[in-house]
Amino acid sequence: MDLLYYLIITFFMKFITTSIYLFLFAFLFFFALEAYAATRYVDPLCGNVSTYNPTTRACTGGSALNYATLEAGNTAVQCGDTMRIRGQGGSFTGIYERTSQLNLAREGCTPAGEIVIEGYPGDTSAGSTKPQIRAVGTPFTNLIAMLKRKNVTVRNLDINANDIASNAIRPINQDGISVENLTFDNMIWRNAAIQGLHCANDGLSPHMQGIVVRHSQILDNGQDNYPVGEHGIYCDPIESALRPHSIFEDNLFRGNAHSGLSLDSGWATIKEGRNTIVRRNRFIGNGLAGTGSDEGHALWISGKGPH
């Protein structure tokens, strides 16, 4: 009996010890994956290679990862990575043409594993000071979607909806997963048929928070001649209590049909250091059309009216 008792106790002790080791291994393995940050490049002048030299833009002689298409680079990017998109060079115009939506970045990243997607510093494209993603072909809804994305920074890119895509950029909540901590810095988005940045929740829960737009140009959005809803940026997250740390600063809003910036419903609390901050933006020639309450203005804030 004593032997049986000893064997049972020994078995359970080994089981518990093994379980703890497996848990610690899984935790450390996951942490190591997220902590490892790769820099990936998208350069159509080269194929999918691991010998890319970004300094000379040579396809061989380096040790960097390069992808020949935007889709390939976007599929490969992992939490913690930086993806640098090249512009004009050689026979390449610096324009990435899209006939359908690109769901940018990756789902499920933590603040420690933020993804950065950026135009390569100093690179340009035909007709732009930045590498350009442009809609072509027949009309579709979103040029860039960000479905259930958290902790992503996008910067130094020209998102040209080309009067074909309804929205240049569209963060989307789904399946009870919120959109959080998206930063857009030093961007251009323009020529959306309806809205440049559309971050409305459409009644979904949980809600968006931490949308930051700074040092960007929001130009000539809303050209479909709809009676309502054509804005440079339109945000309607429903509930103000859940909207901390959203910032719109140092941007240029120009030529947007119904308003440059429309913060509806949940964005009504505007105060330094709390909820949404709006400061140091320039508004030129916005709100020259439209019949809705938030139209015909450069800046509209629900509960506070036009500015």
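This is a predicted model: local features need pLDDT of at least 70, side-chain atom pairs count only at pLDDT 80 or more; totals for chains, interfaces and linings use all residues.

Reader: What joins Cys79 to Cys109?
Author: A disulfide is a covalent bond between the sulfur atoms of two cysteines. The cut-off is a sulfur pair within 2.5 Å. For Cys79 and Cys109, the S to S distance is 2.1 Å. The link is a disulfide.

Reader: How many residues apart in sequence are the parts that this pair ties together?
Author: Cys79 sits in the loop between α2 (70-76) and β4 (82-85). Cys109 sits in the loop between β6 (102-103) and β7 (115-119). The pair therefore ties together parts whose separation in sequence is 30 residues.

Reader: Which hand does the disulfide of Cys79 and Cys109 have?
Author: Look at the torsion about the S-S bond. For Cys79 and Cys109 it is about -85 degrees, so the disulfide is left-handed.

Reader: How many disulfides does the count come to?
Author: Cys79 and Cys109 form one of them. Cys46 and Cys59 also form a disulfide, with their sulfur atoms 1.9 Å apart. Cys46 lies in the loop between β1 (39-42) and β2 (49-52), and Cys59 in the loop between β2 and β3 (64-67). The count comes to two.

Reader: Which strands are the edge strands of the open sheet?
Author: Seven strands form this sheet, in the order β5-β8-β11-β14-β17-β20-β24, with parallel pairing. An edge strand pairs on one side only. That picks out β5 (95-98) and β24 (282-284).

Reader: In β24, what is the bridge partner of Leu252?
Author: Strand β20 covers residues 252-254. It pairs with β24 in the parallel sense, over three bridges. In β24, Leu252 has as its bridge partner Arg282.

Reader: What share of the contacts in the protein, with a separation of 6 or more, comes from residues 24 or more positions apart?
Author: The protein has two helices and 26 strands. Of its 307 residues, 50% count as buried. Among contacts with a separation of 6 or more, the share from residues 24 or more positions apart is 79%.

Technical notes: Residues are numbered from 1 along each chain as its sequence is written. Side-chain values use heavy atoms; hydrogens and water are left out. Helices (H or I, at least four residues) and strands (E, at least two) are DSSP runs, numbered from the N terminus. Buried means under 20% relative accessible area, exposed over 50%, partly exposed in between (1.4 Å probe, protein chains only). Contact means heavy atoms within 4.5 Å. Two strands pair if DSSP finds at least two bridges between them.
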